[in-house]
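I shall present one structure, element by element.

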Amino acid sequence: MRYRLEVNGTLRDLDVPRGTTLLEALRDDLGLVAARYGCGRGQCGACFVLADGRAVTSCLMSVEQAAAHRIVTVEGLASGGELAAIQSAFVEEDAMQCGYCTSGMLISAAALLAEQPSPTDDEIRDALAPNLCRCGVQLRAIRAVKRAAEQL
Ligand code: FES
Ligand code: FES
């Protein structure tokens, strides 16, 4: 089946079997590997991308469904060779260890800051709650979101 997706501001044509997930298409067909496969069941947040500004599980969204939305991956957060404020803040706060969860956290944080530029600690915690981290960087991630909010 042929599909046309808007990904990171560019229209991309795909020829994939019906039922292909957005995560599979991003990684295997479009070479965008920031979104990661964790659980494949909507329970870990590793595969999050933005769909019309909302953080969604790309492991559960089909390419067909994705075609109705503007998709943004972590690769699309930076612009003009400059990291987005939330990306810089994660680096400055060392808010990662193995990094497996980091893309998903960045997407959740980006969605939050777009909707609420000055979030409370509780709002940040709630926004990052779907993103499981086995390395325990949640407190640093919360600090990073606060740092980015201050810079914005
Ligand atoms: S891989 Fe999608 S939520 Fe875990
Ligand atoms: S930094 Fe390793 S899973 Fe979060």
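Which residue follows H1, and is its phi positive or negative? Gly 31 follows H1, and its phi is positive, near 70 degrees.

A word on conventions. This is a predicted model, in which local features need pLDDT of at least 70, side-chain atom pairs count only at pLDDT 80 or more, and totals for chains, interfaces and linings use all residues. Residues are numbered from 1 along each chain as its sequence is written, while chains are lettered from A and ligands numbered from 1 in the order in which they are written. Helices (H or I, at least four residues) and strands (E, at least two) are DSSP runs, numbered from the N terminus.

Let me begin with the sheet. Five strands make up an open sheet of mixed pairing, in the order E2-E1-E5-E3-E4; two strands pair if DSSP finds at least two bridges between them. Its edge strands are E2 and E4 (54-57), each of which pairs on one side only. On average, neighbouring strands are turned by 45 degrees against each other, direction ignored.

Strand E1 (residues 2-7) runs antiparallel to E2 (residues 10-15), and six bridges join the two. Within this pair, Leu 5 stands opposite Arg 12 in E2. The two strands form a hairpin with two residues between them, and Asn 8 in the turn has a positive phi of about 50 degrees. E1 is also joined to E5 (residues 70-72), in parallel, by two bridges; there Val 7 has Ile 71 as its bridge partner.

I turn to the helices. In H1 (residues 22-29), the buried residues are Leu 22, Leu 23, Ala 25 and Leu 26. Buried denotes 20 or more other C-beta atoms within 10 Å of the residue's own, with C-beta atoms placed from the backbone. The cover over these residues includes E2, E3 (48-51) and H2 (63-66).

What angle do H3 and H4 make where they cross? The axes of H3 (residues 85-92) and H4 (residues 102-115) come within 10 Å and cross at roughly 130 degrees. H3 is therefore oblique to H4, oblique being the class left over when under 35 degrees counts as roughly parallel, over 145 as roughly antiparallel and 65 to 115 as roughly perpendicular. These axes are lines fitted to C-alpha atoms, for helices over the stretch in contact, with angles from 0 to 180 degrees between N-to-C directions.

Finally, Ile 86, Gln 87 and Phe 90 in H3 meet residues of H4 including Leu 106 and Leu 113, where contact requires C-beta atoms, placed from the backbone, within 7 Å.

Methods. Two residues are in contact if their C-beta atoms, placed from the backbone, lie within 7 Å. A residue is buried if 20 or more other C-beta atoms lie within 10 Å of its own, exposed if 12 or fewer, and partly exposed in between; C-beta atoms are placed from the backbone.
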